[in-house]
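Here is a short note for a colleague who is opening this structure for the first time. Please keep the view open while reading the points.

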Amino acid sequence: MSKGLTCDVVVVGAGMVGAACALYAARAGLGVILVDRGPVAGGTTGAGEGNLLVSDKEPGPELDLALLSGRLWADLAEEFAQAVEYEAKGGLVVAESPASLAALERFADGQRAAGVVAETVAGDALYDLEPRLAPGLPGAVRYPQDCQVMPALAAAHLARASGARLLTGWTVTDVLLRPDGAVRGVRTDRGDIHAPAVVNAAGTWGAELAALAGAALPVLPRRGFVLVTEPLPRLVRHKVYAAGYVADVASDSAALQTSPVVEGTAAGPVLIGASRERVGFDRSFSLPVVRELAAGATRLFPFLADVRAMRAYLGFRPYLPDHLPAIGPDPRVPGLHHACGHEGAGIGLATGTGHLIAQALTAQAPDLDLAPFRPDRFAAASGEAAAGTEAPTATDEEETA
């Protein structure tokens, strides 16, 4: 058993967000240990589609973070070339009626004012962009800033590029505190790691890690399925989704919601989503959900009715009640920083999150106002109890993002 490791910051969670935190902290001159009880990208990241989106975000803190993250992703794409399968393919949000197109255009107007490039596409021009869409659709809004990466590859490359000491298969069992309540490291099943700063990048398990430090953070798992087709030529050029997807992302409902999302990949398969439901950490396969995903995809792209689905997989998005992640220092526990609760946007928001965490760790002025992301913003409503949290029931190590 290894004992007494020492560093400047321990990042808990080797998913995309944790890898980005490790990268930017290391590039800020800090000594970093990245620890996860499972493998790199073994949780939410490995079950994601790799979306880097601005199209689904209304003006506000999350969109600001997405725009910052998009610029940082573009820089990393130049650095890593095609190793992370970065594609600046753009997104296409499709309206299914003239009224829906008018609503999309109003939504896009607000985004444009915040710095998003949003292009209205009407009539036959829609089929110039996506010839295989269902006939008769009135139009769409195209978002050239929407991109995609292969999430597991990207997380691995960011972790490697950080130079951080990577400890996979190490389970954090406690957060170590000094007598004054400040962080002094973490305890794991393989020994203690001493550091004056700990970053909670544990994804859907962010509430559990926060509780080890005595802080309430109401992160809940929101389950989603993805269908993967057989490899195909590039028949779907953009990330294409129906307008209802934006409302589903913003919904507070625990019930099942599905809205068609279809996108091609550099490797050939088409990815089909998206579903959302809060069922704890239930990993059961749901044939009705998968059927709804297939039906929605074929409504958008009828050719998919003749394409074979090779597999389906599920993951758990780390959900916070106000749909904003927790980013930055926790004033209740000096030295504890949070970088979790990004729900389905963690891949896209990871770079901005890691950059802001590194600025906080090195006492630099942050590029964005961290107030909307304050980890203790739920404390007043919950009375510092973990109200609204669901007890973790899964034992699968891969659930640590």
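1. Is Ala363 buried or exposed? At 73% relative accessibility, Ala363 counts as exposed. The cut-offs are these: buried is under 20% relative accessible area, exposed is over 50%, and partly exposed is in between, with a 1.4 Å probe and protein chains only. Ala363 sits in the loop between α9 and α10 (379-382). Its phi is near 60 degrees, a positive value in a residue other than glycine.

2. A word on the source. This is a predicted model, in which local features need pLDDT of at least 70 and side-chain atom pairs count only at pLDDT 80 or more, while totals for chains, interfaces and linings use all residues. Residues are numbered from 1 along each chain as its sequence is written, and side-chain values use heavy atoms, with hydrogens and water left out.

3. The overall build. The protein has ten helices and 20 strands. Both are DSSP runs numbered from the N terminus: helices are H or I with at least four residues, strands are E with at least two. The radius of gyration is 21 Å, close to the 21 Å that the globule rule gives for 401 residues, so the protein is as compact as a globular protein of that length. That radius is taken over C-alpha atoms, and the rule is 2.2 Å times the number of residues to the power 0.38. Along the principal axes, the C-alpha atoms fill a box of roughly 65 × 45 × 40 Å.

4. Of the 401 residues, 57% are buried. Take the contacts with a separation of 6 or more: residues 24 or more positions apart account for 76% of them. Contact means heavy atoms within 4.5 Å.

5. In soluble globular proteins, nonpolar side chains tend to be buried together. Here the largest nonpolar core has 65 residues, and Met16, Trp73, Val149 and Leu158 have the most contacts inside it. Helix α2 (residues 61-80) gives the largest share of this core, ten residues. Apart from it lies another core, of 57 residues, with Leu92, Leu137, Ile272 and Cys340 among them. A nonpolar core is a set of buried Ala, Val, Leu, Ile, Met, Phe, Trp, Tyr and Cys residues joined through side-chain atoms within 4.5 Å.

6. Look at Trp73. Which residues does Trp73 contact, leaving aside neighbours within four places in sequence? They are Met16, Leu52, Tyr86, Val149, Ala154, Leu158, Ile347, Gly348 and Thr351.

7. A pocket to inspect. The second largest pocket has a volume of about 350 Å³. Its lining has 18 residues, and Met150, Pro151, Thr265, Leu271 and Tyr313 lie nearest the centre. α5 (151-162) and β18 (309-319) each supply at least two lining residues. A pocket, on a 1 Å grid over the protein atoms alone, is an open set of points where a 1.4 Å probe fits, with protein on both sides within 12 Å along at least five of seven lines; lining residues have an atom within 4 Å of a point. Volume is the space filled by probe spheres set on the points, which are joined across faces, edges and corners.

8. Backbone checks. The peptide bond from Gly273 to Ala274 is cis, with omega near 0 degrees. Ala274 lies in strand β17 (residues 270-276). Glu343 has a positive phi, near 50 degrees, in a residue other than glycine. Glu343 is in the loop between β20 (336-340) and α9 (346-361). Glu343 is buried, at 8% relative accessible area.

9. Two loops to compare. Val333 is in the loop between β19 (326-329) and β20. At 3% relative accessibility, Val333 is buried. The C-alpha atoms of Val333 and Ala182 are 5.7 Å apart, although 151 residues separate them along the chain. Arg234 is in the loop between β14 (220-229) and β15 (239-242). Arg234 is partly exposed, at 34% relative accessible area. Beyond four places in sequence, Arg234 touches Glu87, Lys89, Gly264, Thr265 and Ala266.

10. Asp367 counts as partly exposed, at 47% relative accessibility. Leaving aside neighbours within four places in sequence, Asp367 is in contact with His355, Leu356 and Gln359.
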